[in-house]
Amino acid sequence: MKEYAALLVPAMGKFGGRLLVSPTGVVTAKEAGLQQMTIVVEFDGYEIALAAYESDDHKKMLAALGSSVERDFRIVEGD
């Protein structure tokens, strides 16, 4: 997880990504929510977010996590 976190900011920064919620942020689960790590990155556009997701840097981040981590990932277009 430390390697993933170290790769996160520089990798997403290449696409202008701004970290809004970090991997070390406090999570308070409510209702059916799960107590799990949450990361939120904001980009200037939907297509830029897709490019960041498909980038080699993002693939390196995934490799750093290994197969023992289950991810729930979303790319959402904002207003």
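Modeller: A residue counts as exposed when its relative accessible area is over 50%, as buried under 20%, and as partly exposed in between. In this predicted model, both Asp-72 and Arg-74 are exposed. Their side chains form a salt bridge, with the closest N and O atoms 2.6 Å apart. A search of the whole structure gives four salt bridges.

Arg-18 is the place to look next. Glu-42 pairs with Arg-18 in a salt bridge, where the closest N and O atoms are 3.3 Å apart. Because Glu-42 sits in strand β2 (residues 40-42) and Arg-18 in strand β1 (residues 18-21), this pair ties together parts that are 24 residues apart in sequence. Glu-42 counts as partly exposed because its relative accessibility is 37%; Arg-18, at 33%, is also classed as partly exposed.

Arg-18 meets Asp-44 as well, in a salt bridge of 3.1 Å from N to O. Asp-44 belongs to the loop between β2 and α2, and Arg-18 to strand β1, so here the parts tied together are 26 residues apart in sequence. Asp-44 has a relative accessible area of 63% and is therefore exposed. Through shared partners, the salt bridges join Arg-18, Glu-42 and Asp-44 into one network.

Other acidic residues form a surface patch. Glu-47, Glu-54, Glu-77 and Asp-79 make up a negative patch, and patch residues have no salt bridge. Among them, Glu-54 lies in helix α2 (residues 46-54) and is exposed, because its relative accessibility is 54%.

Key:
Residues are numbered from 1 along each chain as its sequence is written. This is a predicted model: local features need pLDDT of at least 70, side-chain atom pairs count only at pLDDT 80 or more; totals for chains, interfaces and linings use all residues. Side-chain values use heavy atoms; hydrogens and water are left out. Patches are made of residues with over 30% relative accessible area and no salt bridge: like charges are joined within 9 Å, nonpolar side chains (Val, Leu, Ile, Met, Phe, Trp, Tyr) within 5 Å. Accessible areas come from the Shrake-Rupley method with a 1.4 Å probe; for residues, only the protein chains shown count as cover. Lys and Arg count as positive and Asp and Glu as negative; His and the chain ends are not counted. The place of a charge is taken as NZ of Lys, CZ of Arg, CG of Asp or CD of Glu. Helices (H or I, at least four residues) and strands (E, at least two) are DSSP runs, numbered from the N terminus. Buried means under 20% relative accessible area, exposed over 50%, partly exposed in between (1.4 Å probe, protein chains only).
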